[in-house]
Amino acid sequence: MADSAGIQQGSPAIGAVGSAPAAPGPGGAEGSGAAGGSARICVKKAQLRSSPLPKKLEKLGVYSSCKVEGACKCNGWKSQNPPPTPPRSEQQQPVIVNLQEPCRSCSHTLDHVTHLEHVPEDEINRLLGIVLDVEYLYTCVHKEEDADTKQVYFSLFKLLRKSILQMGKPTLESQESPPFERPSIEQGVNNFVQYKFSHLPSKEHQTIVELAKMFLNQINYWQLETPSQRRQRLPNDDTAGYKANYTRWLCYCNVPQFCDSLPRYETTQIFGRTLLRSVFTVMRKQLLEQARQEKDKLPPEKRTLILTHFPKFLSMLEEEVYSHCSPIWRNDFFTGVPGGQIPVHTVVSAPPDARPLYYSISPALSVDISSGAVSPAKKASTVLEPCPVGEKRKLMEPLSQEENKRPRVMGDIPMELINEVMATITDPTAIPETSLLSAHSARDEAARLEERRGVIEFHVIGNSLNQKPNKRILMWLVGLQNVFSHQLPRMPKEYITRLVFDPKHKTLSLIKDGRVIGGICFRMFPSQGFTEIVFCAVTSNEQVKGYGTHLMNHLKEYHIKHHILNFLTYADEYAIGYFKKQGFSKDIKVPKAKYVGYIKDYEGATLMGCELNPSIPYTEFSVIIKKQKEIIKKLIERKQMQIRKVYPGLSCFKDGVRQIPIENIPGIRETGWKPLCKGKEIKDPEQLYVALKNILQYVKSHQNAWPFMEPVKKTEAPGYYQVIRFPMDLKTMSERLKSRYYTTRKLFMADMQRVFTNCREYNPPESEYYKCANLLEKFFYTKIKEAGLIDK
């Protein structure tokens, strides 16, 4: 096997993912490559399958058991002149087989192939393919030096040998079958692309998709290091877990590349986060190193893509791979309303064949992966490195709103319409630019644009008593002390200085033209689950530019990344308005026992708190809201185009009619209007629970309720979950009722209506299910009217 995990030496430009991993070749170290080994075996198989039938039978006789009646236990014809073991070279002369000669083991002739005389040619060719795979694995077993790999090769050798004897198909026997972990690596990368880059314009988003394909392709043809090599490199690693995955990888992904009689799977489709974590660091390092070494061989138009954008892509993915709470590895990623799951549309998939790392990217396209989410300070790689406490601000990249927001926007609108509208929204030329002076522009829009242009930077810094002082950080801390002192004149300067330079406090600093113009000083209490904001100020001549809002948004994302979701602060009378705009309120979510004795109490100030939502990309939130508004606007315009019909005016009033029901107005229903279901809203939770429980029991007892009692099974209704995006059934409703999910009658009625709507959408009108839905719906509304929940 290879001496280390990664690309083979001598493979073309970083890319030739195609040169693929080393196949188990003769010699024990790196072989000639899976592609080369597989090609040679395919040629041999084609030659053998084109041979005359007697030659094929002679080949199969060597691996077939003797069929003489009696107790002959010979499991293969053996030549009187056996070849050397192990084979001396890959180019050894083939053994001359003549089944007319007696078998060296059992002395019988021709009795090893009598069972093959009437077997179809296709089956004989299949068995011949297994024979060549057996011979190749036999060579590998004798040439492989690694004990773990040799054991796997030998097990597969015996499996294929047994398949020939029994004329069956090789089936790997294991406690688990693929896939071994969900979500898979491929799905995780899909989720990552949606999670981080769905806000990008379509061309830039497509570039990210191509980078993701490139990465998946690398994994599918990556050569894993052996468990023994890993033990030497990482003595304290989970060797048992890695060995299990390594064995699976050999059996299902690596060996089947050249032994096509075994079922083959893509590594990215059957393995998940565990395997990716074990190879990512080494893989990333070797890929980037080889890219740097071979940069002169890359086409000029590809250099920026591979040397600039791909490293950024890998760095951002690395954070999600090793993060303990990244949502991209949740099985319910893209979960919408409770009880339903939105199907994940595949964004990228591993290419079936090997391709260069830089394939199919437009040479004229330049994409900024950070796209405004990472401060320009990120480019200055050495700014804060000397001081671990003053860590560089690594802001959260824009989070996708698809996970929580998009399902609510979609509702029951056809997917085709959503895709059509999104195509116009994601085109930057289709979205009208908002003037920064407009009343509708976001407060932080100007600051966000300045950050993208590199005018301003954000850094989280702090003092350290046990590290060598960093001159730049100390200068920034002094600048922050001056800003806070000037903008907070009621605070003693000594107090401000003590907290700003206190190692337990950190400050998110706003830097413009190399000097500090603002910041937020805070202290984190991870064990208590909150952070105290101590000072927050922007210098007077830089105010009213959105810096304060953008500062707070960056602070929120910084804390989400560090898994702290609550802010507390004491605001004076001048700051209450600012904090309210940033989502703070006097309703404190943190239990009092958590913060009493931890935070500083200020006389005459008001305690305010803010609870963070980890799904919200705060620095890009206003952009996403703007995009959602455009979606709604487009949908309204399309609806108006459909219903734009002029009806004659109402003449009934001339005849003395004083009023008519709204539903009698011509065209009103075509606009989407529906009569309101009025009724009393039960405010007592217990009374509501009892009323809904009784109604649900009546519905479940109805003779037409049988199709809706349980969730629909995929085996009974193929394609159901492709048609119905939000399934619902009476069992799920019962579980929701028990968990007190239905806090209002409207939630309960919406789920029940969903049951009937789904049925009518999937089944034809003449079906029994469709009729049951109509009858049960009528009965349901009868009961809910009797309960007084809607007007009769």
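**Exercise 1: the sheet**

Task: Determine the strand order of the open sheet of 6 strands, and identify which strands stand at the edges.

Solution. The order is S1-S2-S3-S4-S5-S6, with mixed pairing; strands (E, at least two residues) and helices (H or I, at least four) are DSSP runs numbered from the N terminus, and two strands pair if DSSP finds at least two bridges between them. S1 and S6 (606-611) each have a single partner strand, so one side of each lacks a neighbour in the sheet. This is a predicted model, in which local features need pLDDT of at least 70, side-chain atom pairs count only at pLDDT 80 or more, and totals for chains, interfaces and linings use all residues. Residues are numbered from 1 along each chain as its sequence is written, and side-chain values use heavy atoms, without hydrogens and water.

Next, S4 and S5 pair in the parallel sense over 3 bridges. Glu532 stands opposite Leu568 in S5.

**Exercise 2: helix H14**

Solution. Just after H14, Gly454 takes a positive phi of about 85°.
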